[in-house]
Amino acid sequence: MSDSGFLDALPAAMDAVGTARFEKHLADAIGSELDYDFITMARYSVEGKPCFLIHSHTFPSHMAELYLSQFVDADPYVEHWRTAEEPGVVWLQDIAFARKRYATYTDVFLPQIGVKDEIGVFLPAVGRDSVALFYNNRRGLFSPGDVRNLRQIFDVGAALYRVHIRALLQHEESSVTDGSPSLGSPPRLTSDTGGTIWFTNEWSAQQRPEIALVEGGDSGGETPDAYRSTLTAQHTARRLCHRQWIAGLGLTPRERDIVELTLNGHASASIAEVLALSVGNVKNHKRRIYGKLDIMSERDLFVRYIQAISLN
(Lines give C-alpha, C1' and ligand atoms only; values in the text may rest on other atoms or scores of the structure.)
Protein backbone atom coordinates (compact mmCIF):
# COMPACT_ATOMS: atom_id res chain seq x y z
CA MET A 1 0.00 0.00 0.00
CA SER A 2 1.31 3.50 -0.80
CA ASP A 3 1.17 6.38 1.68
CA SER A 4 -1.28 8.36 -0.49
CA GLY A 5 -4.13 7.83 1.97
CA PHE A 6 -1.98 9.19 4.78
CA LEU A 7 -0.93 12.23 2.76
CA ASP A 8 -4.55 12.89 1.77
CA ALA A 9 -5.56 12.89 5.45
CA LEU A 10 -2.52 14.78 6.74
CA PRO A 11 -3.76 18.34 5.99
CA ALA A 12 -6.69 17.83 8.42
CA ALA A 13 -4.18 16.99 11.15
CA MET A 14 -2.07 19.99 10.17
CA ASP A 15 -5.13 22.21 10.53
CA ALA A 16 -5.77 20.80 14.02
CA VAL A 17 -2.27 21.45 15.40
CA GLY A 18 -2.53 23.06 18.82
CA THR A 19 -6.12 21.95 19.42
CA ALA A 20 -7.75 19.07 21.30
CA ARG A 21 -8.81 17.62 17.93
CA PHE A 22 -5.27 16.97 16.75
CA GLU A 23 -4.66 13.49 18.16
CA LYS A 24 -7.88 12.15 16.65
CA HIS A 25 -7.03 13.57 13.21
CA LEU A 26 -3.50 12.19 13.44
CA ALA A 27 -4.87 8.78 14.47
CA ASP A 28 -7.24 8.82 11.48
CA ALA A 29 -4.43 9.83 9.13
CA ILE A 30 -2.09 7.08 10.31
CA GLY A 31 -4.95 4.58 10.28
CA SER A 32 -5.65 5.34 6.63
CA GLU A 33 -2.74 3.01 5.86
CA LEU A 34 -4.40 0.05 7.62
CA ASP A 35 -7.50 -2.10 7.46
CA TYR A 36 -8.45 -2.16 11.16
CA ASP A 37 -11.61 -2.47 13.24
CA PHE A 38 -11.23 0.13 15.98
CA ILE A 39 -8.76 2.49 17.62
CA THR A 40 -7.89 3.07 21.25
CA MET A 41 -5.65 5.79 22.61
CA ALA A 42 -3.76 5.59 25.89
CA ARG A 43 -1.01 7.45 27.70
CA TYR A 44 1.87 5.20 28.79
CA SER A 45 4.26 6.25 31.53
CA VAL A 46 7.48 4.87 32.93
CA GLU A 47 5.68 5.00 36.27
CA GLY A 48 2.09 4.10 37.02
CA LYS A 49 -0.59 2.43 34.95
CA PRO A 50 -1.60 3.43 31.44
CA CYS A 51 -4.40 5.96 31.20
CA PHE A 52 -7.10 5.45 28.58
CA LEU A 53 -7.80 8.67 26.72
CA ILE A 54 -10.21 7.68 23.95
CA HIS A 55 -11.67 4.42 22.82
CA SER A 56 -14.41 3.07 20.65
CA HIS A 57 -17.88 1.95 21.66
CA THR A 58 -16.64 -1.50 20.60
CA PHE A 59 -14.26 -1.32 23.57
CA PRO A 60 -16.62 -0.07 26.32
CA SER A 61 -15.70 1.44 29.66
CA HIS A 62 -16.12 -1.75 31.66
CA MET A 63 -13.50 -3.45 29.48
CA ALA A 64 -11.09 -0.61 30.17
CA GLU A 65 -11.74 -1.04 33.87
CA LEU A 66 -11.22 -4.81 33.59
CA TYR A 67 -7.92 -4.25 31.82
CA LEU A 68 -6.68 -1.86 34.52
CA SER A 69 -7.77 -4.12 37.37
CA GLN A 70 -6.68 -7.54 36.06
CA PHE A 71 -4.55 -7.43 32.92
CA VAL A 72 -2.37 -4.32 32.98
CA ASP A 73 0.59 -6.14 34.51
CA ALA A 74 0.56 -8.61 31.60
CA ASP A 75 0.43 -5.87 28.93
CA PRO A 76 3.64 -6.17 26.86
CA TYR A 77 3.37 -2.54 25.80
CA VAL A 78 3.78 -1.40 29.43
CA GLU A 79 7.15 -3.09 29.65
CA HIS A 80 8.07 -1.89 26.17
CA TRP A 81 7.66 1.77 27.07
CA ARG A 82 9.24 1.45 30.51
CA THR A 83 12.34 -0.24 29.14
CA ALA A 84 12.73 1.39 25.74
CA GLU A 85 11.04 4.82 26.01
CA GLU A 86 11.36 4.83 22.25
CA PRO A 87 8.64 6.28 20.00
CA GLY A 88 7.70 4.27 16.96
CA VAL A 89 5.52 1.50 15.57
CA VAL A 90 5.31 -1.57 17.82
CA TRP A 91 3.59 -4.71 16.53
CA LEU A 92 2.17 -7.09 19.11
CA GLN A 93 3.58 -10.05 17.17
CA ASP A 94 7.11 -8.72 17.65
CA ILE A 95 7.00 -8.25 21.41
CA ALA A 96 4.48 -10.62 22.97
CA PHE A 97 4.27 -14.15 21.73
CA ALA A 98 7.87 -15.11 22.41
CA ARG A 99 7.37 -14.40 26.13
CA LYS A 100 5.13 -16.62 28.19
CA ARG A 101 4.52 -13.97 30.84
CA TYR A 102 2.30 -12.09 28.38
CA ALA A 103 0.02 -15.07 27.79
CA THR A 104 -2.65 -13.67 30.12
CA TYR A 105 -2.87 -10.58 27.92
CA THR A 106 -2.73 -12.32 24.56
CA ASP A 107 -4.66 -15.50 25.37
CA VAL A 108 -7.22 -14.24 27.88
CA PHE A 109 -7.76 -10.48 27.65
CA LEU A 110 -7.62 -9.97 23.88
CA PRO A 111 -10.07 -12.84 23.19
CA GLN A 112 -12.49 -11.28 25.69
CA ILE A 113 -12.65 -8.13 23.58
CA GLY A 114 -12.57 -10.09 20.32
CA VAL A 115 -9.17 -8.81 19.20
CA LYS A 116 -6.73 -11.04 17.33
CA ASP A 117 -3.96 -8.54 16.73
CA GLU A 118 -2.97 -4.94 17.40
CA ILE A 119 -0.35 -2.40 16.43
CA GLY A 120 0.75 0.33 18.81
CA VAL A 121 2.07 3.67 17.54
CA PHE A 122 3.98 5.38 20.35
CA LEU A 123 4.20 9.11 19.72
CA PRO A 124 7.22 11.18 20.84
CA ALA A 125 7.48 11.51 24.60
CA VAL A 126 6.21 14.46 26.59
CA GLY A 127 8.30 14.27 29.71
CA ARG A 128 8.62 10.51 30.09
CA ASP A 129 5.09 9.72 28.92
CA SER A 130 3.93 8.72 25.46
CA VAL A 131 0.49 8.89 23.90
CA ALA A 132 0.05 5.60 22.06
CA LEU A 133 -2.45 4.91 19.30
CA PHE A 134 -3.62 1.29 19.03
CA TYR A 135 -5.11 -0.17 15.87
CA ASN A 136 -7.08 -3.32 16.66
CA ASN A 137 -7.88 -6.15 14.26
CA ARG A 138 -10.79 -8.50 15.05
CA ARG A 139 -10.52 -10.61 11.91
CA GLY A 140 -6.94 -11.80 11.89
CA LEU A 141 -3.32 -10.74 12.05
CA PHE A 142 -1.85 -7.63 10.51
CA SER A 143 0.85 -8.32 7.95
CA PRO A 144 4.52 -7.33 8.01
CA GLY A 145 3.62 -5.08 5.08
CA ASP A 146 1.08 -3.24 7.25
CA VAL A 147 3.73 -2.62 9.87
CA ARG A 148 6.23 -1.52 7.23
CA ASN A 149 3.73 0.97 5.80
CA LEU A 150 3.23 2.56 9.22
CA ARG A 151 6.95 2.77 9.85
CA GLN A 152 7.44 4.51 6.53
CA ILE A 153 5.05 7.31 7.51
CA PHE A 154 5.85 7.46 11.21
CA ASP A 155 8.56 10.11 10.95
CA VAL A 156 6.10 12.49 9.25
CA GLY A 157 3.44 12.00 11.91
CA ALA A 158 6.02 12.24 14.70
CA ALA A 159 7.42 15.50 13.34
CA LEU A 160 3.95 17.01 13.13
CA TYR A 161 3.17 15.77 16.65
CA ARG A 162 6.23 17.62 17.96
CA VAL A 163 4.95 20.78 16.29
CA HIS A 164 1.59 20.20 17.99
CA ILE A 165 3.14 19.76 21.44
CA ARG A 166 5.18 22.93 21.05
CA ALA A 167 2.05 24.80 19.97
CA LEU A 168 0.22 23.57 23.07
CA LEU A 169 3.02 24.57 25.41
CA GLN A 170 3.15 28.02 23.85
CA HIS A 171 -0.62 28.52 23.85
CA GLU A 172 -1.77 31.32 26.09
CA GLU A 173 -5.22 29.83 26.79
CA SER A 174 -4.96 27.12 29.43
CA SER A 175 -8.34 25.69 28.40
CA VAL A 176 -6.81 24.47 25.14
CA THR A 177 -3.81 22.94 26.91
CA ASP A 178 -6.03 21.29 29.53
CA GLY A 179 -8.14 19.74 26.78
CA SER A 180 -5.23 18.05 25.04
CA PRO A 181 -4.99 14.25 25.25
CA SER A 182 -1.23 14.66 25.17
CA LEU A 183 -0.91 17.02 28.12
CA GLY A 184 -3.89 16.16 30.29
CA SER A 185 -7.12 14.23 30.57
CA PRO A 186 -9.33 15.59 27.78
CA PRO A 187 -12.76 16.78 28.92
CA ARG A 188 -14.12 16.87 25.38
CA LEU A 189 -13.47 16.56 21.68
CA THR A 190 -15.24 18.83 19.22
CA SER A 191 -16.53 18.55 15.72
CA ASP A 192 -15.39 20.93 13.00
CA THR A 193 -18.39 23.13 13.83
CA GLY A 194 -17.51 23.34 17.51
CA GLY A 195 -20.09 20.92 18.90
CA THR A 196 -19.05 18.56 21.66
CA ILE A 197 -18.89 15.03 20.31
CA TRP A 198 -17.04 13.26 23.14
CA PHE A 199 -16.73 13.90 26.83
CA THR A 200 -16.67 10.45 28.42
CA ASN A 201 -14.84 7.21 27.68
CA GLU A 202 -17.22 6.43 24.83
CA TRP A 203 -16.46 7.38 21.26
CA SER A 204 -19.84 6.55 19.75
CA ALA A 205 -21.14 10.12 20.15
CA GLN A 206 -18.86 11.12 17.27
CA GLN A 207 -21.48 9.89 14.88
CA ARG A 208 -24.01 12.50 16.10
CA PRO A 209 -22.17 15.77 16.71
CA GLU A 210 -25.20 17.93 15.95
CA ILE A 211 -27.26 16.21 18.66
CA ALA A 212 -24.51 16.67 21.22
CA LEU A 213 -24.61 20.38 20.50
CA VAL A 214 -28.40 20.71 20.57
CA GLU A 215 -28.70 18.73 23.77
CA GLY A 216 -26.42 21.10 25.60
CA GLY A 217 -23.00 19.48 25.39
CA ASP A 218 -20.29 21.77 26.71
CA SER A 219 -18.96 23.88 23.87
CA GLY A 220 -16.07 25.19 25.91
CA GLY A 221 -17.51 28.70 26.06
CA GLU A 222 -17.47 29.21 22.31
CA THR A 223 -20.47 29.47 20.02
CA PRO A 224 -20.30 27.61 16.71
CA ASP A 225 -19.87 30.94 14.88
CA ALA A 226 -17.00 31.91 17.16
CA TYR A 227 -15.45 28.50 16.70
CA ARG A 228 -15.73 28.77 12.92
CA SER A 229 -14.06 32.19 13.11
CA THR A 230 -11.22 30.67 15.10
CA LEU A 231 -10.92 27.81 12.61
CA THR A 232 -10.88 30.27 9.70
CA ALA A 233 -8.11 32.22 11.40
CA GLN A 234 -6.12 29.00 11.83
CA HIS A 235 -6.54 28.15 8.15
CA THR A 236 -5.44 31.65 7.16
CA ALA A 237 -2.37 31.41 9.38
CA ARG A 238 -1.48 28.04 7.88
CA ARG A 239 -1.83 29.37 4.33
CA LEU A 240 0.46 32.28 5.19
CA CYS A 241 2.96 29.88 6.74
CA HIS A 242 2.85 27.76 3.58
CA ARG A 243 3.42 30.75 1.34
CA GLN A 244 6.27 32.15 3.42
CA TRP A 245 8.06 28.82 3.33
CA ILE A 246 7.30 28.18 -0.35
CA ALA A 247 8.53 31.65 -1.30
CA GLY A 248 12.04 30.72 -0.20
CA LEU A 249 12.30 27.53 -2.22
CA GLY A 250 13.47 29.09 -5.49
CA LEU A 251 10.51 27.83 -7.51
CA THR A 252 8.58 29.35 -10.39
CA PRO A 253 5.14 30.87 -9.69
CA ARG A 254 3.41 27.80 -11.18
CA GLU A 255 5.55 25.45 -9.10
CA ARG A 256 4.77 27.46 -5.98
CA ASP A 257 1.04 27.10 -6.71
CA ILE A 258 1.41 23.33 -7.05
CA VAL A 259 3.35 23.02 -3.79
CA GLU A 260 0.76 25.08 -1.91
CA LEU A 261 -2.13 23.03 -3.27
CA THR A 262 -0.27 19.81 -2.42
CA LEU A 263 0.25 20.91 1.17
CA ASN A 264 -3.46 21.73 1.33
CA GLY A 265 -4.31 18.14 0.45
CA HIS A 266 -4.96 18.31 -3.30
CA ALA A 267 -4.03 15.32 -5.42
CA SER A 268 -2.63 15.76 -8.93
CA ALA A 269 -6.07 15.51 -10.57
CA SER A 270 -7.49 18.18 -8.27
CA ILE A 271 -4.48 20.44 -8.84
CA ALA A 272 -4.94 20.05 -12.58
CA GLU A 273 -8.57 21.12 -12.30
CA VAL A 274 -7.80 24.14 -10.10
CA LEU A 275 -4.95 25.36 -12.31
CA ALA A 276 -6.53 24.38 -15.66
CA LEU A 277 -3.67 22.04 -16.51
CA SER A 278 -3.52 18.43 -17.62
CA VAL A 279 -2.70 15.80 -15.00
CA GLY A 280 0.42 14.92 -16.97
CA ASN A 281 1.53 18.54 -16.88
CA VAL A 282 1.07 18.65 -13.11
CA LYS A 283 3.12 15.47 -12.70
CA ASN A 284 5.89 16.94 -14.85
CA HIS A 285 5.90 20.06 -12.68
CA LYS A 286 6.11 17.89 -9.57
CA ARG A 287 9.13 16.02 -10.93
CA ARG A 288 10.88 19.33 -11.56
CA ILE A 289 9.95 20.53 -8.05
CA TYR A 290 11.34 17.37 -6.48
CA GLY A 291 14.55 17.80 -8.46
CA LYS A 292 15.00 21.40 -7.35
CA LEU A 293 14.37 20.49 -3.71
CA ASP A 294 16.50 17.33 -3.88
CA ILE A 295 13.63 15.13 -2.70
CA MET A 296 12.00 12.04 -4.15
CA SER A 297 8.29 12.22 -3.40
CA GLU A 298 5.28 14.07 -2.07
CA ARG A 299 5.94 12.45 1.29
CA ASP A 300 9.41 14.05 1.34
CA LEU A 301 7.78 17.41 0.58
CA PHE A 302 5.56 17.13 3.65
CA VAL A 303 8.55 16.07 5.76
CA ARG A 304 10.55 19.09 4.57
CA TYR A 305 7.68 21.46 5.32
CA ILE A 306 6.93 20.02 8.76
CA GLN A 307 10.61 20.12 9.69
CA ALA A 308 10.73 23.76 8.61
CA ILE A 309 7.74 24.86 10.67
CA SER A 310 9.06 22.93 13.67
CA LEU A 311 12.04 25.30 13.71
CA ASN A 312 9.98 28.51 13.70
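The model is predicted, and local features were taken only at pLDDT of at least 70 and side-chain atom pairs only at pLDDT 80 or more, whereas totals for chains, interfaces and linings use all residues. Residues are numbered from 1 along each chain as its sequence is written, and side-chain values use heavy atoms, with hydrogens and water left out.

The protein chain contains 14 helices and seven strands; these are DSSP runs numbered from the N terminus, helices being H or I with at least four residues and strands being E with at least two. Of the 312 residues in the chain, 51% are buried, where buried means under 20% relative accessible area, exposed means over 50%, and partly exposed lies in between (1.4 Å probe, protein chains only). Among contacts (heavy atoms within 4.5 Å) with a separation of 6 or more, 63% come from residues 24 or more positions apart. The chain exposes about 14500 Å², of which carbon and sulfur atoms supply 51%; accessible areas come from the Shrake-Rupley method with a 1.4 Å probe, and for residues only the protein chains shown count as cover.

The structure holds 12 salt bridges, a salt bridge being a side-chain nitrogen of Lys or Arg within 4 Å of a carboxyl oxygen of Asp or Glu. One of them joins the side chains of Glu85 and Arg128, with an N to O distance of 2.6 Å. Glu85 is in the loop between helix 4 (76-84) and strand 3 (88-91), and Arg128 is in the loop between strand 4 (117-122) and strand 5 (129-137), so this pair ties together parts 43 residues apart in sequence. Glu85 is partly exposed at 27% relative accessibility, and Arg128 is partly exposed at 47%.

A salt bridge also forms between Lys292 and Glu255, whose closest N and O atoms are 2.8 Å apart. This pair links distant parts of the chain, with Lys292 in helix 13 (residues 279-293) and Glu255 in helix 11 (residues 253-263), 37 residues apart. Lys292 is partly exposed at 43% relative accessibility, whereas Glu255 is buried at 3%. In the salt bridge of Asp300 with Arg299, the closest N and O atoms are 3.4 Å apart; Arg299 counts as buried at 18% relative accessibility.

Asp117, in strand 4, is buried yet has no salt bridge, and the nearest side chain of opposite charge, that of Arg139, is 11 Å away. For charge, Lys and Arg count as positive and Asp and Glu as negative, while His and the chain ends are not counted. The Asp117 side chain makes a polar contact with the side chain of Trp91 at 2.9 Å. A polar contact is a pair of N or O atoms within 3.5 Å; within protein, one must be able to donate a hydrogen and the other to accept it, and residues adjacent in sequence count only if both atoms are side-chain atoms. A polar atom of the Asp117 side chain also lies 2.8 Å from the backbone nitrogen of Phe142. Beyond its neighbours within four places in sequence, Asp117 contacts residues including Leu92, Tyr135 and Gly140.

In helix 6 (residues 103-112), Tyr105, Thr106, Phe109 and Leu110 are buried. Viewed down the axis, the buried residues of helix 6 fall within an arc of 120 degrees, so they line one face of the helix; the arc is that of the directions from the helix axis to the C-beta atoms. These buried residues pack against helix 3 (61-71), helix 4, helix 5 (92-95) and strand 4.
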